[in-house]
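Please read these notes with the structure open beside you.

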Amino acid sequence: MEETSREAVATAVQRVAGMLQRSDQLDKVEQYRRREARKKASVEARLKAAIQSQLDGVRTGLTQLHSALLDVKDIQGSLADVSKDWRQSINTIENLKDVKDAVVQHSQLASAVENLKNIFSVPEIVADTQQLIEQGELLQAHRKLMELECSRDDLMYEQYRMDSKNTSDMNLISIYFEDVQGLSDELAKQLWMILQRSMLTVRRDPTMLVSSVRIIEREEKIDRRMVDRKKQTGFIPPGRPKRWKDKMFQVLEGTVGTRIEGTQAMTKEADKMWLVRLLEITRKYVLDDLIVVKNLMVQCFPQHYNTFNRFFGLYHNAVSSRVKELASEDLEANEIVSLLTWVLNTYKSAEMMGHPELFSECDINQLEPLLPQDVVDDLLSKYVKTFTSNITGWLRKALETDKKDWQKETEPEADQDGYYQTTLPAIVFQMFEQNLQVAAQIDNDFKEQVLKLCLKQMNTFLIRYREEAVTYKEEHMRDRQMPQCYVQYMIAIINNCQTFKESINSLKRKYSQSSEPTDSDAAIERTLNEVAKVGCQFLLDEVFLDLEHHLNELLTRKWLTGSHAVDTICVTVEDYFNDFNKIKKPFNQEMTSEALRRVVVEYIKAVMQKRITFKNADERREGAERMIKEADQFKFLFRKLAAGEDTDRLCGAIAAIAEVFKLTDPTLLFLEVTTLVSKYPDIREEHIQALLAVRGDASREMRQMIIGTLSENKVSYAGVTQPIFKDITVPTMTMTTMTTMTSMATAKLLK
């Protein structure tokens with residue numbers, strides 16, 4: 001209490017300090033005091049009210065406890081009186097045992113008298129019931145059957161009550177009513193037959209189905225009554241419970257399963273399309289049956305049976321079982337696709353379970369998959385393995401067919417733009433297209449997987465294609481007369497590469513959801529470019545084999561005296577390029593540029609091989625003018641062939657070398673060579689040595705000075721996009737040649 005008082009005082013001091021922080025607040029002290037007094041009075045009033053309420057509650061509880069104690073004492077006294085009366089009445093109850101036995105016997109006799117008429121008429125009722133069953137009057141037959149069973153069951157029950165251990169009398173009753181069980185079995189047989197043909201019955205005579213369901217419902221009620229009586233008395237008649245309702249659903253399930261299994265009209269050996277036909281028949285049967293269930297059969301069953309959903313589930317389970325059986329068979333690739341397409345797409349589509357007439361009655365999204373995912377994965381894996389094997393064989397066969405065409409004596413076909421081509425790209429991509437269309441029917445992920453597999457196989461195929469092109473060229477080199485259309489078919493091979501590129505891009509746009517390039521795309525692009533470049537190289541090799549003799553005449557004495565080698569070279573190149581014009585872009589442009597480059601390089605090689613050494617200024621002038629003229633011829637030709645922007649630069653190399661030869665003042669030779677080097681920085685010392693040797697008038701000291709100066713001021717050619725001299729080698733000069741050249745130079749200086 002003291003601690004609480006101290007806390008209260010501290011709190012009050014803090015509040016007062018908070019209210020009196022400024023001197024002008026002292027005037028309001030009285031106002032603050034009255035406000036705090038009111039708050040204190042209010043709190044005290046609430047405390048008093050709370051305490052009073054608690055006291056009233058305690059007083060009420062004590063009063064109720066006192067009243068309860070008095071009631072318990074009264075009940076205790078009453079129980080003592082009841083116990084006393086019960087002990088006194090035990091002897092009286094034992095004296096009434098004879099009366100009880102008499103009552104039971106009277107009840108049995110009364111039941112026997114009541115059923116006496118039925119007992120004597122049992123044979124007649126059995127015969128009538130049998131006749132009604134045979135006539136199809138099942139409701140009447142069942143009514144009589146219930147009368148017979150009721151008489152039998154009542155007699156047995158009374159016998160059981162009188163003496164449950166008396167089996168002889170119980171057997172006597174059973175023997176007398178033994179035909180009743182046979183009638184029950186016969187009636188059940190008729191019911192199951194009607195249910196087995198329920199789809200046909202509900203269309204022709206739905207009353208038979210309704211009657212059957214009513215009979216089963218009656219038996220279900222009797223079963224429940226008998227089971228309840230067994231719980232009370234321990235007695236249940238023979239054959240009960242019949243559980244005809246459960247049997248009905250079993251029959252319907254078996255009927256649905258039989259109907260699905262019976263859809264296979266053709267065997268695999270007799271018809272290659274057996275699976276497609278089977279799945280289509282199954283689709284039609286299931287859809288037609290469920291529409292009949294929705295429109296007709298639902299009305300024949302009680303509402304609480306949830307008939308449509310029950311049949312929907314039965315058909316789903318039956319189809320699932322059948323599909324699993326099919327999946328376990330040894331299916332071919334096209335059969336796997338047909339099955340998976342049907343399972344994954346057709347089954348839940350508007351053509352079957354999602355049909356508009358069924359859509360309002362069920363939720364197809366709640367259906368379990370027809371095939372487990374692991375089975376689907378196994379089938380897809382099997383398909384991919386088979387497809388990989390098949391496509392490898394198809395590609396090999398397509399290439400073999402194309403190779404046979406390469407040997408033909410007629411030119412290959414041309415497209416609408418006049419470009420040579422073969423049927424290989426069309427055949428290959430028709431195969432890819434067909435398989436991708438099939439894969440797209442299954443799902444997008446599998447379509448992407450098949451596309452990747454096609455591209456992977458395509459890259460392997462293109463590597464083989466390149467090898468076959470090389471072999472084709474090698475065979476041609478052994479006999480250049482065969483095959484007759486080698487050039488045209490090599491052009492077609494090059495054009496096929498461009499067609500392959502376009503077809504691959506078309507496939508990716510159509511079947512791939514991703515536009516990002518992959519490693520496979522880069523590999524295919526690289527291989528196609530290699531095949532095309534190899535083909536272009538082979539064609540140029542063919543050209544330069546024909547030009548070899550004429551190229552060997554360049555920069556020789558024969559050339560200087562009036563050879564027509566360059567004219568022949570130009571005519572030959574132009575003639576070949578009339579065919580090369582049928583090469584598709586961009587390969588035709590690249591090939592023209594490469595042809596120009598090789599012509600110029602071969603020309604410069606002829607210079608570097610020092611086939612001629614000019615004897616005097618007139619020969620140098622004449623040779624230089626001839627080189628400039630021939631450079632113009634090359635320039636004119638390759639401009640005509642659209643060789644590209646490098647035409648002037650490449651042909652200009654010949655003219656620049658000619659200027660070195662044309663120079664009449666040897667003292668200016670260093671400047672001319674320097675100009676040549678500045679234009680073509682990839683030129684090397686040995687090239688300069690060769691040029692000066694061909695010129696024939698450069699002294700040893702001058703050559704050393706020029707070479708030394710150029711070495712000191714060497715220009716880098718790293719940035720040159722098309723080096724000309726880089727790959728041109730200069731033959732090594734023998735000692736005899738060097739001595740001869742030195743003697744010639746000395747003689748000229750003496751003159």
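1. A helix's expected span is 1.5 Å times one less than its number of residues. Keep that in mind for helix 19, which covers residues 486-511 and has 26 residues. From first C-alpha to last, helix 19 reaches 37 Å, close to the 38 Å expected. The model is a predicted one.

2. Look next at the aromatic rings. The structure holds 21 aromatic pairs. One of them is F461 with F500: the ring centres are 6.2 Å apart and the planes stand at 80 degrees, so the pair is edge-to-face. The angle that decides this is over 60 degrees. The pair links distant parts of the chain, with F461 in helix 18 (residues 444-478) and F500 in helix 19, 39 residues apart.

3. Are F461 and F500 buried or exposed? F461 is buried, at a relative accessible area of 4%. F500 is buried as well, at 0% relative accessibility. Both residues belong to one aromatic cluster.

4. Now the loop between helix 18 and helix 19. P483 sits in that loop. The peptide bond joining M482 and P483 is cis, with omega at about -15 degrees. Another cis peptide bond joins K585 and P586, and here omega is about 0 degrees. P586 is placed in the loop between helix 22 (565-580) and helix 23. Please check both bonds on your side.

5. Helix 23 runs over residues 587-608. It has 22 residues and reaches 31 Å between its first and last C-alpha, close to the 32 Å expected. Of those 22 residues, 16 are buried, so helix 23 is largely enclosed by the rest of the structure. Just after helix 23, K610 has a positive phi of about 55 degrees.

6. How exposed is S593, a residue of helix 23? At 27% relative accessibility, S593 counts as partly exposed. S593 and D646 are 53 residues apart in sequence. In space, their C-alpha atoms are 7.7 Å apart.

7. R243 is not a glycine, yet its phi is positive, at about 55 degrees. R243 is found in the loop between helix 10 (206-233) and helix 11 (244-261). Its relative accessible area is 48%, which makes R243 partly exposed. L555, also a residue other than glycine, has a positive phi near 55 degrees. The loop that holds L555 lies between helix 20 (519-553) and helix 21 (557-560). L555 is buried, with a relative accessible area of 1%.

8. How many cavities of 30 Å³ or more does the structure hold? There is one. The largest cavity contains about 40 Å³ of space. Its lining consists of I260, L278, L279, T282, V319, R322, V323, L326 and W342.

9. Which helices supply that lining? Helix 12 (274-295) and helix 13 (307-327) each give at least two residues to the lining of the largest cavity. The largest share, four residues, comes from helix 13. By type, the lining divides into seven nonpolar residues, one polar and one charged.

10. Last, the overall layout. The domain assignment gives domain 1 (31-246), domain 2 (268-371), domain 3 (377-528) and domain 4 (554-712). Between domain 1 and domain 3, the C-alpha centres lie 81 Å apart.

Note on methods. Residues are numbered from 1 along each chain as its sequence is written. This is a predicted model: local features need pLDDT of at least 70, side-chain atom pairs count only at pLDDT 80 or more; totals for chains, interfaces and linings use all residues. Side-chain values use heavy atoms; hydrogens and water are left out. On a 1 Å grid over the protein atoms alone, a cavity is a set of points where a 1.4 Å probe fits but cannot get out, and a pocket is an open set with protein on both sides within 12 Å along at least five of seven lines; lining residues have an atom within 4 Å of a point. Grid points are joined across faces, edges and corners, and a volume is the space filled by probe spheres set on the points. Ala, Val, Leu, Ile, Met, Phe, Trp, Tyr, Cys and Pro count as nonpolar, Asp, Glu, Lys and Arg as charged, and the others, Gly among them, as polar. Domain bounds come from an automatic or database domain assignment. Rings of Phe, Tyr and Trp (its six-membered ring) pair if their centres lie within 6.5 Å; planes under 30 degrees apart count as stacked, over 60 as edge-to-face and the rest as tilted. Buried means under 20% relative accessible area, exposed over 50%, partly exposed in between (1.4 Å probe, protein chains only).
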